[in-house]
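Please walk me through this structure.

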Amino acid sequence: MRLRPVFKRLAQACVGLALLGGASAALAQTYPDHPVKWIVPFPPGGAMDSIARTLGESMGKQLNTTFIVENRAGAGGNIGAASVARAKPDGYTILIVANGMAVNPALYTDLNYDPIKDFAPISLLAVVPNVLVTNPARTGATSVQDVIAKAKAQPNHYTYASAGVGTSIHLAGELFLSMARVEMLHVPYKGSGPAIADLLGGQVDYMFDSITSAKPHIEAGKLRALAVTTSKRSAALPDVPTVAESGLPGYELMPWFAAFAPAGTPPEVVAKLNAAMRKALNEPKVRATLESIGAESIGGTPDELRDHLARETAQWKTLVKERNIKIN
């Protein structure tokens, strides 16, 4: 009996899908059989780089391979992210990103990848809280309420530094100004290092810096920690209150790190990577290393990361529009 053309095409498609499914399953069984490249879209030495290297070492032992960290910096993380979006979806090229993955679609009109469509979520990894700090010799502020009162008394008189437009450090400040209904002058720098140097030198008033880089200066008494940006206090600075409990209920900025693969990566491969990441995040040695840089392990499923990215993308699109934040 001859099949009609339409049924013949359907039958061929079903055979093709079956073969594709079989190929994916076979890949998952042998994966990984050579080194995995982990793209870090920022320079070496930061929290993102440290997290990738720490987890890569543990995952390599679990999966009997090597995770090669490659720093591909530029354009706010977009160069590295775009390279992974175009990579072969076989699990041998993965990406670590931060909040910028959710923010960049609102900041860049010429973004050459889609954070939602072009990537397969693997897992949330860790949170590194930001902390509102000031040079006490310059401002005399001792609390969030002090900061708000001073800013209301003198609009646009006070300054806050950031590591650049669109960074979590910048967005923490913009969210603070929006919720507190005050205005300060934003002073963007090319990275956290020069920003905190000017804060220490008394050239700027405040900064929502990463705990990783701010903590040594806080412990040395050179900077005063006023509040952390997360919804709960940080284990790295347990005596420092949250912004929310300091007078701005509902304030929360959670600087997160997560791992993605190119869209189309077989689910079985994603599941292997997810399991290895979550196991690594629970290892005492890994947790201790992350805690030393102020990071707190999270973990989670690919679906949880997908939902988290969608929520964050919508949230930051609203704030970027409200505050008229633009990449110059």
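Is H308 buried or exposed? The model is a predicted one, and in it H308 has 8% relative accessibility. Buried means under 20% relative accessible area, so H308 counts as buried. H308 belongs to helix 12, which covers residues 302-323. Leaving out residues up to four places away in sequence, H308 touches L124, M254 and W256.

N112 lies in the loop that runs between helix 4 (100-107) and strand 4 (119-127). Its relative accessibility is 54%, and the limit for exposed is over 50%, so N112 counts as exposed. P89 is 23 residues from N112 in sequence, and the C-alpha atoms of the two are 18 Å apart in space.

Next comes the interior. In soluble globular proteins, nonpolar side chains tend to be buried together. The largest nonpolar core in this model has 47 residues, and the members that touch the most others are M101, F176, M184, Y206 and Y251. Helix 7 (residues 168-180) supplies the largest share of this core, with six residues.

Setting aside neighbours within four places in sequence, Y251 is in contact with A172, L175, F176, M179, F208, T229, V243 and A244. Another core lies apart from the largest one. This other core has 37 residues, including M59, F67, A276 and L281.

Definitions and conventions: Residues numbered from 1 in each chain as written. Predicted model: local features only at pLDDT ≥ 70, side-chain atom pairs only at ≥ 80, totals over all residues. Heavy atoms only, no water. Core = buried A, V, L, I, M, F, W, Y, C linked by side-chain atoms within 4.5 Å. Buried < 20%, exposed > 50% of the residue type's maximum accessible area, 1.4 Å probe, protein only. Helix = DSSP H or I, 4+ residues; strand = E, 2+ residues; numbered from the N terminus. Contact = heavy atoms within 4.5 Å.
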